Amino acid sequence: MIERIILNAQIITLNPAQPRASALAIAGPRIAAVGDDDTIRALARPHTIIDDVGRRPIIPGLTDAHIHWEGVAHSLASVDVFEVPSKAEALRRVAERVRQAPPGEWIVGRGWSQAYWADQAFPTAADLDAVAPQNPVYLGAKSGHAAWVNSAALRAAGVTASTPDPTGGSLQRDSAGRLTGLLLEAPAMALVYRHIPSLTPEQTASLMLEAQRRAWASGLTGIHDFDDPSCLVALQLLRERGELGLRVVKNINDPYIEHAHALGLRWGFGDEWLRIGGLKIFADGALGPRTAHMIAPYEGEPDNFGIVVTDKEQMHEWVLRASLAGIPSTIHAIGDRAVHDVLDVYEAVRQAEAARGIPPQMRRHRIEHVQIIHPDDAARLGQLQVIASMQPIHATSDYEMAERYWGARAGMSYNWRLQLEAGAVLAFGSDAPVEPFEPMKGIYAAVTRCRPDGSPGPDGWFPEQRLDIDTTLRAFTQGPAYAAGLERDLGMLAPGFLADLLVLDRDLYAISPDEILDTEVLGTMIGGEWRFRLFD
């Protein structure tokens with residue numbers, strides 16, 4: 001039964017059998033037919049709703065293949081220090097929040113990066129102590145791999161100069177052995193973070209509703225989440241109430257995989273709204289705090305090769321066990337040594353899978369980020385049928401740091417075209433709240449390899465890695481669909497597929513790349529329902 005028809009559109013279907021159309025019919029949550037106006041109009045019945053979109057372009061809905069959704073939601077209630085231009089500005093914003101808070105209440109924020117500051121020096125606890133002597137302060141770095149805390153936070157957590165570095169993390173110390181207030185990597189950050197009072201699931205769910213509205217307005221119809229089980233609890237509350245309006249793949253972080261095994265969960269458990277993804281493991285850190293694990297040391301830091309968060313043997317044990325239990329793995333690897341080690345793990349696991357008759361498409365392993373790769377490893381993702389889950393906006397955000405700390409090696413960084421040509425499936429995302437989740441910003445970065453201000457120049461950074469708009473859209477649609485096992489449901493506008501689509505104010509295929517950032521989402525439909533609509 002045809003419930004809705006969309007007419008008078010410029011539909012870019014991403015379906016090779018029918019690339020363009022002007023109309024489509026919807027029955028329930030799925031597309032029933034795609035074609036010309038007259039053919040589709042003939043399917044209407046008295047009750048059918050007809051939307052004339054005025055010749056506006058329509059594309060499939062976009063999916064963010066790497067996001068921290070609980071982090072995005074919580075950031076709406078925290079101190080915003082995202083990419084502040086100076087340490088002084090970060091301190092000003094903290095001081096403003098302190099004036100509104102009673103003594104002893106935690107002040108939480110995120111998004112700073114010393115790379116945006118004139119001296120590019122890491123901040124200290126003493127800086128925060130001057131504006132927040134009585135309130136514990138915890139400020140997560142933009143990278144998500146460091147935190148800046150004050151003395152009150154260290155005291156509240158019982159962390160002192162005699163506290164040993166946890167495995168896979170580091171408490172930065174000065175030359176006298178005193179804590180500086182910088183915590184590097186999750187194990188060190190957790191020493192303080194776990195003392196921050198948690199929001200209730202209801203509070204988190206409420207914040208997610210606002211985040212969801214913003215996601216619809218930006219053009220997102222789905223996400224692949226990498227946060228902890230508390231995120232899943234809030235998502236389930238929304239699902240129970242019929243308020244979940246994004247298609248969510250929920251990956252399982254490694255501390256909780258034993259629970260998944262005990263329950264017998266397998267990849268894909270759930271439905272088109274909320275389903276289980278893969279095992280998430282951290283191999284290393286990040287470029288910002290120089291903790292990404294490198295084959296050669298960072299430029300100007302001959303003793304710094306980064307941090308190993310999970311060693312190779314442990315990764316192999318976890319990945320193999322998960323694979324045999326029906327769960328693929330998705331491993332964070334940024335440095336070239338980390339990527340190399342993860343590829344070695346996947347190669348061994350692929351051999352074990354083959355011996356048991358498990359084809360690669362049944363275990364859709366991923367590497368998250370792949371920010372720099374050694375030339376010897378460049379083709380291995382494609383050879384091993386490992387998905388390259390990458391975030392184009394990282395390249396334009398990070399290129400100055402990459403050149404400074406990786407030097408000539410930066411030519412092998414953020415190389416999504418290389419991965420595509422080597423046969424790897426690309427699945428693009430944002431890593432929000434590390435970067436904004438608005439997909440047009442990621443699309444622009446992939447096509448131009450420039451920042452919004454045009455830097456580093458009209459040709460972009462390493463322009464040979466630029467992608468065309470069609471390839472980029474597929475990496476935000478079909479790549480994530482394949483990674484989720486939903487390639488027969490999402491990623492194109494074709495009969496039988498879910499009716500997830502966007503109405504835009506301009507045709508991305510017809511405009512110059514400079515106009516991508518000006519493109520407006522005028523309507524977002526998910527499952528045949530308008531979730532966001534500006535046009536008449």
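The questions and answers below concern a sheet and the cavities of this structure.

Reply: This is a predicted model, in which local features need pLDDT of at least 70, side-chain atom pairs count only at pLDDT 80 or more, and totals for chains, interfaces and linings use all residues. Residues are numbered from 1 along each chain as its sequence is written, and side-chain values use heavy atoms, with hydrogens and water left out.

Me: Which strands stand at the edges of the open sheet of 8 strands?

Reply: The sheet has parallel pairing in the order 8-15-16-17-18-19-20-21; strands are DSSP runs of E of at least two residues, numbered from the N terminus, and two pair if DSSP finds at least two bridges between them. Each edge strand has a single partner, so one side is left without a neighbour in the sheet. These are strand 8 (62–67) and strand 21 (426–428).

Me: What is the volume of the largest cavity?

Reply: A cavity is a set of points on a 1 Å grid over the protein atoms alone where a 1.4 Å probe fits but cannot get out. Grid points are joined across faces, edges and corners, and a volume is the space filled by probe spheres set on the points. The search of the whole structure finds 5 cavities of 30 Å³ or more, and the largest has a volume of about 100 Å³.

Me: Which element supplies the largest share of the lining of the largest cavity?

Reply: Lining residues have an atom within 4 Å of a point. The largest share, 4 residues, comes from strand 15.

Technical notes:
1 Å grid on protein atoms, 1.4 Å probe; cavity = no way out; pocket = protein on both sides within 12 Å on 5 of 7 lines; lining within 4 Å.
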